[in-house]
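This report describes the pockets of one protein model and the residues that line them. The sequence and structure are shown first, and the account follows.

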Amino acid sequence: MTAQGRIALIGLGEVGRVFVEDLRAVGRGDIAAWDTAFADPDSKASVNARELGVTPASSMDDAVAGAALVVSAVTASNSVAAAEAAAPAMEPGAFLFDLNSSSPGHKQAARDAVESHGGRYVEAALMSPIGPKRLASPFLLGGAHASAFLGIADGYGITGVTALGGEVGVAAATKLCRSVIVKGLEALLTESLLAARTFGVERDVLDSLPNILPPADWEKVAGYFMSRAVQHGTRRAEEMEEAAATVAEAGVEPYMARATVERQRWSAQFCDVLPQETTMGLVDALLAASGIHLTTGEDATAIDATAAPDTIQEAPR
């Protein structure tokens, strides 16, 4: 079996843009795109379409009709609605590759919508930021058609795939239980250092972490993780709502996942503070932007934010 036919992208944000660029790189230029944000000419989706030279489809039906592969890369909260809207116009036997970070229950609802109209649903979980390896990033696949898609994935330049088996939701559970840790660490480091900085104890806190955690440059780690929450907190909050739903579906009360939703959402409102040269520069920028005042008087405000050695870059994803 080989990959062939038109490709439809639902969602032309950061991940959708990577798909367009990398699909073209492997000679797959017959690409249609639909995004509800196309109605706003200043939206990220509209900007991406102009920069990529992609003509926006006039509707969902227009985008997916005749496509052999439909890639759904919308936000987690819209994943089921996108599948329900696409399914009636899909060709019988066409694949819907669902990349959205939604819960096992929502993945199963999307599968039901697609397969009730004759499409082939493939659950996909991206297990790393997409920036470094792009379509060669590690993807976990689930669903009855995962093995069939695995056989043609190389033809789309999707080379890091692993098929887990026929149960839809296993890949999502793997990703979102991991997110409880990763996005939770981002929230914990942000909250801890905001408080530590106001008390003037941030250096002692960071220096003490290797006493119980693996040795690392924890100031650099904290700066990188915090920048990811600030830059992508809105999307991460949605993902963590799905992670909380996943934990709840397992019968576990999602105390930590719910708290992470709040800290990620809080961080996102200050995205204009990026970029910052140092971790403490980022902490101070967040304190200033949020109206939090240092509590230890002039000594604390005199801390040199440029003294930290590591430069904080905007996160790739």
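How much space lies in the largest pocket? In this predicted model, the largest pocket holds about 1,000 Å³ of space.

## Lining of the largest pocket

The lining of the largest pocket is made up of 43 residues, and those closest to the pocket centre are Gly13, Ala73, Val74, Thr75 and Arg235. When the lining residues are sorted by class, 18 are nonpolar, 14 are polar and 11 are charged.

## Helices around the largest pocket

Four elements, helix H1 (14-25), helix H2 (44-52), helix H4 (79-86) and helix H10 (218-249), each contribute at least two residues to the lining of the largest pocket. Among the contributors, H10 gives the most, with eight residues in the lining of the largest pocket.

## The second largest pocket

The second largest pocket has a volume of about 160 Å³, and its lining consists of Val180, Gly184, Ala187, Leu188, Glu191, Met256, Ala259, Thr260 and Arg263. By class, this lining comprises five nonpolar, two polar and two charged residues.

Which helices each supply at least two residues of the lining of the second largest pocket? They are helix H8 (170-199) and helix H11 (255-268), and the largest share, five residues, comes from H8.

How values were computed. Residues numbered from 1 in each chain as written. Predicted model: local features only at pLDDT ≥ 70, side-chain atom pairs only at ≥ 80, totals over all residues. Heavy atoms only, no water. 1 Å grid on protein atoms, 1.4 Å probe; cavity = no way out; pocket = protein on both sides within 12 Å on 5 of 7 lines; lining within 4 Å. Points joined across faces, edges and corners; volume = space filled by probe spheres on them. Nonpolar A, V, L, I, M, F, W, Y, C, P; charged D, E, K, R; others polar.
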